[in-house]
Each structure stands twice: as C-alpha cells, then as structure tokens.
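I want to know which ones pair up and where they sit.

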Amino acid sequence: MADIKEDMGHAQHLSLAVEPPKMEEKEEIRKGKQKRVASLDIFRGLTVALMILVDDAGGEWPVIGHAPWNGCNLADFVMPFFLFIVGMAVALAFKRIQDRLKAIGKVILRTLKLLFWGLLLQGGFSHAPDKLTYGVDMKTIRWCGILQRIALAYLVVALIEILTRNAQAKGLSTGRLSICKLYFCHWVVGACVLIVYMATLYGTYVPDWKFTVQNTDSADFGKKLTVACNVRGKLDPPCNAVGYVDRKVLGINHMYSHPAWKRSKACTKNSPHEGPFRSDAPPWCYAPFEPEGILSSVSAILSTIIGVHFGHILIHMKDHSTRLRHWIVTGLALLILGVTLHFTDAIPLNKQLYTFSYVCVTSGAAALVFSAFYILVDIWNLRYLFLPLEWIGMNAMLVYVMAAEGIFAGFINGWYYDNPHNTLIYWIQKHIFINVWHSRKVGILLYVIFAEILFWGFIAGFLHRFRIYWKL
C-alpha cells in the first residue's frame, strides 16, 4: 500500500528508504488527485506526542497516566486514538482497489511486520533506557502489546474493506443513513465483535487461580499466591474474564508484569502514585495483567471500525459543512452514550478491559479532536501552527520507536562516565530543567515537552525536508 498516497504513512510504515513517486503517481499528483489530509497527519502526531508525554512524565504526574482501574485519564485516550486513525487511513488507502489479491497480500505482510516490531519493542528484548541490558527469556516473553493490537485491528478492518468494496466507490443516496447502508457489512462485523466481547466478558465463569510472585525486588519473590474468584460477570481486577482468557491462552508468565492496577488504593497507600504495597494488599496486586490482551483487543476492533466510518465520510461527503455535521453529531452521540453508561454504573469506563463505554467515550473524543483539527487546518489554513505535530505524524513510526519506546534514550545512556547514571540525558534533566525550576515534577514535564516531543518534531521535520520516512 506504499503506492497509495492516501495511506498517509499511518503509525505502521517501516522502510528507511526514500521512495520517489512513480510516473503514474506523479501524474496523479500533478492533477491534484492525491492530496494529503493534513489534519489527519497532525492528529497522528498529537497522539504520538501524547504517548511520549504520558509515558515519560506520567510517573511524576499520575493524573495524566493510566487510570489504575475504572476511569479514563489522558493516557487512556492514546490507544483508541491510534486505532481511530488507523481506521481512517484504511478507508483512504483502499479508496480504489484494482487487484484484491495483491491488496490482501500487502495487508498480511504489513500485519506480520507490525507483529515482529511489536514483539521486538515490547516483548521484553529491549529494556528501559536506564537498563543497559538486552535480551529476553522466551519463558517470559510478552506476546501482546501496542503494535500487536494495532496489527489485529488493522488486519480485520483492512480485509473487510477490501472484500466489501467495489473497484469504484458508488454514489450515495440522499438519506441521512445512506453511508451506513453503503457500508452495512462493516457495522454487521462491528455488531458481531461487540456480541462476542460482551458474551465472553459477562458469561465466562472465572475460577480461583494461582500464580508465583516474579518480582525480584519483592520480599514475597517466589511465593505462590491464590486469588479467590468462583464468579461470573465480574469486572473487578482479579476476577474478570479478560484476565482469565489471557491466563489460559497466553500463560500468566507471558503477561505484562507492571499493570496500572498496582497503583490502586487496594494495593498501595501512595495511590495513584506508585509505592510499596500495603501490608494488607490482596494477592492480585502482585499478579501480572495484560492491558493489550486477547479479549480486550477484540473489543478494540470497534475503535478502528468507527475510524473507518469517519474515513468513508471524508471520501463521500464533498463539502466541509456536511463532513463536520456527520463527524460532530456522531462524536457527541458516542461521547454521551459512553458517559451515560459509566455514570449509571451500567458499564464502567475501563481501558484495561476495553469496555464498550470506553470505546464510545474515546472514539467520540477522537471524532471531536479530529474535527477541531480539520476546522483549524483544512478549513482555516492554520497549518503552520501545528507543523511539529504534522512532521511527527508523517514519520510516526520513527518517533514512536526512538522516543516513545526509548530506543534513542537507551542508546545515549549507553555512553556514560564512570557511573551508568552519569549520562548526557540525566545531566540535561537535572541541570537544565529540574534545578532551574527547583521542582522535579515541573522539570521532568518540561524536559519531555521540549527535549523529547519538540526535539523529535524538528528531527522529523528535517527528515521530511529530504523526503525520508520510516515506512512499514
């Protein structure tokens, strides 16, 4: 799909090569048939920037980090925003399909690349920047992660788009729901995904389970603990069906060992900050939990399907007012539905479980944020205000790997003087940001904004100047 410009390099391109346009692409560009939607690039760049912000500053500012369990903080919007963007990009990329088998082949290849990089970056092989080690024990490799979830959603939605779309898009009728009727199959798949997820979540019996504490820093290391459940339909941390499915299919040793629930009030007195566990902390506080697990990733497909719907609106609706009316009304409806489900205690907002209310709230928020960028950039032509975000969005995979996953910081930290903590990065944090503001919280926040997000924004802008993109 690299030859389809509307694909817009969404967060999954991976090829450090400069690809000049082919002759037919040059002709289409000359005729104005291939025009990037700048607001989508900027929205993608914002999402990558948010990921860097919440990952690197969330420890000092837990209010922007992931909610320990129920609720929705700033960090909890990142994953759904990515999936929403992937959905929009899929609709644009497959606006025309000349060879279905070739398109399917490219989708499968891209999915495999995503899975490979997901395992490499989040499987445990690459460690935190201050851990000057690498390698992973295959007995404890983490099978799931951000890119793996994107790979699943992308594969499902792209195949639906390919198998149900005609070579030339049909015109719409004048009815209000005409676009939903035109892509009826997408909503059927979405309904099936929701039914399977809800039936499994509320219908699966969760028995008692045991695990061995793997944290070497814990006084209980090596101790076997039992979690009492014997329930059905519970959405609490220890006894939900999402965790049960992952323990059975993935194996408990292949799940994420530092889940956000460790910062909950039941586990630590420092909640929502991290801290030592309470003396009366329940056994599940010590257990792993996979926030990008199997059942929650099935539910995450809904976020991508909603993104595809917004991409279809962009394709078929030709004027700004019509597009915005559909986007804003749909976004507000989703937001209101999700908030209502949460505050009536029908279905809580929960990123770890990827509940239906969470899908609605985050997708609605994505719709409204994208609409705002569309107004500012594509209608009011204020694109220059968001150039660093646009550059990041056009080279999203590079910035994700180097900044969000800490690969560049890990490389820099590998060059130290006398002590592994005596590095350039630690020196910049301490002397340029923390000491100047006499506050670690403020210093770290400013360091992330200026020395990471803006730094990589300008690096991406420099690469864009020479048409260099990391594509997948």
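My entries on the disulfides and on some other cysteines follow.

Entry 1. I noted that I am working from a predicted model. I searched the whole structure for disulfides and got 2. I then numbered the bonded cysteines of the chain in sequence order and read the pairing as 1-2, 3-4.

Entry 2. I looked up Cys229 and Cys239, which form a disulfide with sulfur atoms 2.1 Å apart. I took the angle about their S-S bond, and at -90° the link is left-handed. The pair links distant parts of the chain, 10 residues apart. I placed Cys229 in the loop between β4 (224-227) and β5 (231-232). Cys239 I placed in the loop between β5 and α8 (241-249). Is Cys229 buried or exposed? Its relative accessible area is 11%, under the 20% cut-off, so I put Cys229 down as buried. Cys239 has 5% relative accessibility and counts as buried.

Entry 3. I went on to Cys267 and Cys285, which a disulfide joins at 2.0 Å from S to S. The torsion about this S-S bond is about -85°, so I logged the disulfide as left-handed. I found both Cys267 and Cys285 in the loop between α8 and α9 (294-316), so the pair ties together parts that lie 18 residues apart in sequence. Cys267 and Cys285 are both buried.

Entry 4. I also checked Cys144 and Cys360. Cys144 has a relative accessible area of 9%, so I marked Cys144 as buried. Cys360 comes out at 1% relative accessibility and is likewise buried.

Methods. Residues are numbered from 1 along each chain as its sequence is written. This is a predicted model: local features need pLDDT of at least 70, side-chain atom pairs count only at pLDDT 80 or more; totals for chains, interfaces and linings use all residues. Side-chain values use heavy atoms; hydrogens and water are left out. A disulfide is a pair of cysteine sulfur atoms within 2.5 Å. Helices (H or I, at least four residues) and strands (E, at least two) are DSSP runs, numbered from the N terminus. Buried means under 20% relative accessible area, exposed over 50%, partly exposed in between (1.4 Å probe, protein chains only).
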